[in-house]
Amino acid sequence: MDYPKAIITEALIQFFENDYRRIEHALSVLHHALRIAENSSGSDHEVLIASALLHDVGIKPAEKIHGYNNGPLQEKYGPPEAERILQSIGMDNDRIRKISEIIGNHHSRSRYDYIELAILKEADAIVNRMESER
Ligand SMILES: [Fe+2]
C-alpha cells in the first residue's frame, strides 16, 4: 500500500477544502515528480511525495494574512503549515525538516543540494506551464 501518498493526499484535501484548483495542481505536480524520479536515482520516496503534495500550502495563510500570495510569501508560510500537517500524521522529524526546507526554497535559487528539491522545481514548472496554456 502506498501509505504516505494516501494519507498526505487526504491531509492536503482537508487543508485546501473546496479549493479544487490547488488540490488538482498538487496532484499534477506529484504525478510529474514521480515520473521524473523514475529516471533519477537517490530520491527519498516519502520526502518527494510530501514535498510535491504540500509545496503550495503557504498560499492559504499568505492570502488570508496579506490578501495575495507570491513566491517569498509561499516560502515563508508554507513550512510551518507543512510541518504541522506532517506531525499530525506521524512523519519522522528528519523527513519533516527536509520537506520543510524544500517547501521553503521551491520558488528561489536552491540553497540545498537535494534531488527532491530539484525534482519538485522541475515538476512544478511543467505543471505551471501546462496550466498557463489552458
Ligand atoms: Fe506549484
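Helix 1 has 14 residues and stretches 20 Å from its first C-alpha to its last, close to the 20 Å expected at 1.5 Å a residue. It belongs to a predicted model, in which the mean pLDDT of the protein chain is 95 and 99% of the residues reach 70 or more. Here is a friendly tour, starting with that helix and moving on to its partners.

**Helix 1**

- Ile8, Ala11 and Leu12 are the buried residues of helix 1. Viewed down the helix axis, they fall within an arc of 105°, so they line one face of the helix.
- Those buried residues pack against helix 2, helix 3 and helix 5 (71-88).
- Tyr3, Ala6, Glu10 and Gln14 are exposed on the other side of helix 1.
- A point to keep in mind while you look: among the elements of the protein chain, helix 1 has the lowest mean pLDDT, 93, while helix 6 (residues 93-103) has the highest, 98.

- Glu17 follows helix 1 and sits in the loop between helix 1 and helix 2.
- Most residues other than glycine have a negative phi. Glu17 is not a glycine, yet its phi is positive, at about 50°.
- Is Glu17 buried or exposed? Glu17 counts as exposed, because it has 10 C-beta neighbours inside 10 Å, and a residue is exposed with 12 or fewer.

**Helix 2**

- Helix 2 (residues 20-38) has 19 residues and reaches 27 Å from its first C-alpha to its last, close to the 27 Å expected at 1.5 Å a residue.
- Its buried residues are His25, Ala26, Val29, Leu30, Ala33 and Ala37. These cover an arc of only 140° around the axis, which puts them on the same side of helix 2.
- What covers that buried side? Helix 1 (3-16), helix 3 (45-54) and helix 7 (115-132) are included in the cover over the buried residues of helix 2.
- The face of helix 2 turned away from the buried side carries the exposed residues Tyr20, Arg21, Arg35 and Glu38.

**The nonpolar core**

- The largest nonpolar core has 32 residues, and those with the most contacts inside it are Ala33, Ala50, Ala52, Leu53 and Leu54.
- Which elements give two or more residues to this core? They are helix 1, helix 2, helix 3, helix 4 (59-66), helix 5, helix 6 and helix 7.
- Helix 3 supplies the largest share of this core, with 7 residues.

**Asp56, between helix 3 and helix 4**

- Asp56 lies in the loop between helix 3 and helix 4.
- Why does Asp56 count as buried? Asp56 is buried because 25 other C-beta atoms lie within 10 Å, and the cut-off for a buried residue is 20 or more.
- Leaving aside neighbours within four places in sequence, Asp56 is in contact with Arg22, His25, Ala26 and Gln74.
- Asp56 and Tyr114 are 58 residues apart in sequence, and their C-alpha atoms are 18 Å apart in space.

How values were computed: Residues are numbered from 1 along each chain as its sequence is written. This is a predicted model: local features need pLDDT of at least 70, side-chain atom pairs count only at pLDDT 80 or more; totals for chains, interfaces and linings use all residues. Helices (H or I, at least four residues) and strands (E, at least two) are DSSP runs, numbered from the N terminus. The expected span of a helix is 1.5 Å times one less than its number of residues. The arc is that of the directions from the helix axis to the C-beta atoms. Two residues are in contact if their C-beta atoms, placed from the backbone, lie within 7 Å. pLDDT is the predictor's confidence in each residue, from 0 to 100. A nonpolar core is a set of buried Ala, Val, Leu, Ile, Met, Phe, Trp, Tyr and Cys residues joined through C-beta atoms within 7 Å.
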